[in-house]
Amino acid sequence: MASGPSVEELLQRNAERVKTFQPIPSLSEISNLPPNQRLPMPKIFIVSCCDNRVDPWDILGLEKWDAVVTRGAAGRMASQFSNLLFLDHVLNFTDVMIIHHTDCSAQLFGNDGVCQVLAERAPDASREVESLKLPGFEDLERSVQEDVQLVKSSPLVRKELAARTKGFVYDLKTGEVKPVPEASSVLVK
Ligand SMILES: [Zn+2]
């Protein structure tokens, strides 16, 4: 596999970018704009995998202000939950979309190998290793259902937002984002 750029090369790219950069309005500048010129605030919170093959902006045809997109391994909600709560306080979301995908490395590799390496690296930290919410999963639809349930079962999430939290699978071969039926009783780990 070809190797990517070094950090130094990325900083050189940034130096090039700066030459044509246009300043971005600060939050106070935005809030001082007249109402008809204010920017729309994103109302949909999207969680997806950080796999570079999975780009929600492309997949869903998102425009700049349409959504807040957070990405992490497998698109698991556990690692984004505090972001959801914090940003919902600021932005008052209407919807949450949780999108996992076919051929995800978190399904292929699972958590056991990671736990084993961590346990060998830090033999005295077994409690920390056990408490980690690692993203690996065995069943694709079930992982989506668990993550939806995580939101819906939390007393910390606004009821309206919990009700409009939905799970999806993105198929890498067809490009389709398909809804995953909600499980009536999923055991959330
Ligand atoms: Zn993935």
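I first note how elements are assigned: helices (H or I, at least four residues) and strands (E, at least two) are DSSP runs, numbered from the N terminus. From the N terminus on, I read the order α-α-β-α-β-α-β-α-α-α-α-α-β-β. That gives 9 helices and 5 strands in the protein.

I note the source next. The model is predicted: local features need pLDDT of at least 70, side-chain atom pairs count only at pLDDT 80 or more, and totals for chains, interfaces and linings use all residues. Residues are numbered from 1 along each chain as its sequence is written.

I check the size. The C-alpha atoms fill a box of roughly 55 × 45 × 40 Å along the principal axes.

How much of the protein is buried? I call a residue buried if 20 or more other C-beta atoms lie within 10 Å of its own, exposed if 12 or fewer, and partly exposed in between, with C-beta atoms placed from the backbone. Buried residues make up 22% of the 189 residues.

I look up the core. A nonpolar core is a set of buried Ala, Val, Leu, Ile, Met, Phe, Trp, Tyr and Cys residues joined through C-beta atoms within 7 Å. The largest one has 25 residues, and V96, I98, I99 and F168 have the most contacts inside it (contact: C-beta atoms, placed from the backbone, within 7 Å). β1 (44-49), β3 (95-101), α8 (140-152) and β4 (165-170) each supply at least two of its residues.

Is V18 buried or exposed? V18 lies in helix α1 (residues 7-18). V18 is exposed because it has 8 other C-beta atoms within 10 Å.
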